[in-house]
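I opened this entry to keep track of what I looked up. My notes follow the order in which I checked things.

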Amino acid sequence: MERVFDFSAGPAVLPVSVLKKAQESLVCYPDAGISVLEMSHRSKPFEAIIESAEANIRKLYNIPDSYRVLFLQGGAIMQFAMIPMNILKGSGKAADYIVTGTWSKKALSEAKTQGTCNTAWNGSETSFKRKPANFELKLDKSAAYCYICSNETIEGVQWQVLPEVGNVPLVCDSSSDIFSKPIDITKYGVLFACAQKNAGPAGVTIVIMRDDLVAKSDDNIPSLLNYKKMSEAKSLLNTPPTFPIYMVKLVTDWLLDDVGGLDKMYVTNKEKAAMLYDIIDNSDGFYTGHANKEFRSTMNVPFRLPSEELDKKFQQEAKEIGLTTLGGHRSVGGLRASIYNAMPKEGVEKLAEFMKAFMKKEK
Ligand SMILES: Cc1ncc(COP(=O)(O)O)c(C=O)c1O
């Protein structure tokens with residue numbers, strides 16, 4: 001069977017060159033004589049792998065020495081709890097949550113198990129189609145942190161300009177847009193992302209955290225949930241997800257060496273997204289996008305056809321020509337094309353051609 005163009009929201013497409021590199025070294029990693037899958041996390045070759053993954057991430061985001069880069073487990077949802085457990089609980093403060101979609105809503109409900117949280121803005125009344133303007137935010141100047149999700153994977157809304165939060169640390173779930181564009185990391189107190197969309201396979205979560213926030217972890221927090229202890233142990237307090245970390249190293253090598261950095265990645269990502277949004281915008285209502293134009297995501301493009309039958313037919317016929325996993329999230333239905341970094345331009349072009357042909361036939 002040939003590879004298809006798969007538009008899954010995650011776990012998602014990986015660069016073919018990365019898969020091939022992983023395949024080449026799967027049986028025998030150079031100079032190790034064994035696979036990364038069989039390698040001790042305390043061995044020299046693995047030490048080099050995790051150090052190189054961290055160095056790549058630091059290079060891509062130009063991360064200063066005053067930030068830690070951690071490789072943790074439990075997915076992004078574990079971070080929904082770990083952040084308030086370490087930074088909010090016992091601080092005597094509250095945390096602000098800007099709720100722009102399903103994932104920030106879930107983060108807020110997890111955080112409430114750990115401390116007082118305020119909803120600084122809630123986009124649910126407007127079906128999570130947009131981000132708030134600064135004047136709409138009810139921010140607490142002394143909050144422990146202000147939480148956002150930079151790209152809501154389900155609704156396809158993305159922050160293009162960060163909210164103004166003053167000196168309050170900004171905490172960001174960047175699971176579905178990490179490494180999709182250059183950012184100024186110093187604007188964030190914490191930025192985290194599960195790997196399985198834009199950074200590697202499932203199993204590892206990247207956490208980039210400012211030192212003063214890492215230092216806040218209380219000693220009574222269990223070790224594996226404790227940023228300070230995990231950071232002191234360089235993410236090796238227990239056996240880490242060694243193979244996913246190796247894959248993150250390969251994906252970040254690809255971003256640096258093959259793509260040529262995040263500026264270039266961003267140009268391609270905008271071009272890919274524009275191909276689909278142009279068709280939606282020029283379809284006279286045959287295709288309806290979800291998010292308002294100025295907040296549309298470059299990573300996840302949710303859209304609908306005039307009926308559920310047509311949504312199904314679209315998916316079926318797309319699948320027949322090798323365009324797969326185009327169904328919307330089970331909570332909202334419709335269709336969604338996730339076009340992460342590793343989705344080749346040809347894949348988006350093929351989808352765009354199919355969208356045009358389908359419209360011509362069914363409109
Ligand atoms: C923005 C965002 N946050 C969090 C998650 C949850 O990630 P995990 O399944 O790794 O906990 C997802 C997964 O789809 C996501 O898209």
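Predicted model: local features only at pLDDT ≥ 70, side-chain atom pairs only at ≥ 80, totals over all residues.

The C-alpha centres of domain 1 and domain 2 are 27 Å apart. The assignment gives 16-259 to domain 1 and 261-362 to domain 2. I then looked at the contact between them: 24 residues come from domain 1 and 24 residues from domain 2. On the domain 1 side, β7 (157-158) and α7 are the elements that supply two or more residues. Of these, α7 gives the most, with three residues. I sorted that side by class and got eight nonpolar, nine polar and seven charged residues.

**Overall build.** I found ten helices and 14 strands in the chain. The C-alpha trace spans about 65 × 55 × 30 Å along its principal axes. Does the radius of gyration agree or disagree with that of a compact globule? It agrees, because a compact globule of 363 residues would have a value near 21 Å and the chain has 21 Å. I noted that 45% of the 363 residues count as buried. Among contacts with a separation of 6 or more, 67% are between residues 24 or more positions apart.

**Core.** Next I looked up the largest nonpolar core. The count is 99 residues, and Y97, V190 and I206 have the most contacts inside this core. Helix α7 (residues 242-259) gives the most to this core, with eight residues. Domain 1 (16-259) and domain 2 (261-362) each contribute at least three residues to this core. A general point belongs here: nonpolar side chains tend to be buried together in soluble globular proteins.

I listed the contacts of Y97, leaving aside neighbours within four places in sequence. Its partners are S104, A107, L108, A111, C117, N118, T119, A120 and Y147.

**L88.** I placed L88 in helix α3. Is L88 buried or exposed? L88 is buried, because 23 other C-beta atoms lie within 10 Å and the cut-off is 20 or more. Beyond four places in sequence, L88 is in contact with A95, A111, Q114, G115 and A144. I also checked A143: this residue is 55 residues from L88 in sequence, yet 9.0 Å away in space, C-alpha to C-alpha.

**Ligand.** Which residues surround the ligand? I wrote down G10, G75, A76, I77, W103, C149, T153, D173, S175, S176 and C194. Helix α3 (residues 75-88) gives the most to this shell, with three residues. By class, the shell holds five nonpolar, five polar and one charged residues.

**Backbone exceptions.** I finished with the backbone angles. Most residues other than glycine have a negative phi, and most peptide bonds are trans.

- G10 and P11 are joined by a cis peptide bond, with omega about -10°. P11 sits in the loop between β1 (5-6) and α1 (16-24). G10 is also one of the residues around the ligand.
- D31 has a positive phi, near 65°, and is not a glycine. D31 lies in the loop between α1 and α2 (44-61). I count D31 as exposed because there are 8 C-beta neighbours inside 10 Å.
- S127 is not a glycine either, and its phi is positive at about 50°. The loop between β4 (117-122) and β5 (146-149) holds S127. S127 counts as exposed because there are 12 C-beta neighbours inside 10 Å, and exposed means 12 or fewer.

Note on methods: Residues numbered from 1 in each chain as written. Near = placed C-beta within 6 Å. Helix = DSSP H or I, 4+ residues; strand = E, 2+ residues; numbered from the N terminus. Nonpolar A, V, L, I, M, F, W, Y, C, P; charged D, E, K, R; others polar. Rg over C-alpha atoms; globule rule 2.2 N^0.38 Å. Contact = placed C-beta atoms within 7 Å. Core = buried A, V, L, I, M, F, W, Y, C linked by C-beta atoms within 7 Å. Domains from an automatic or database assignment.
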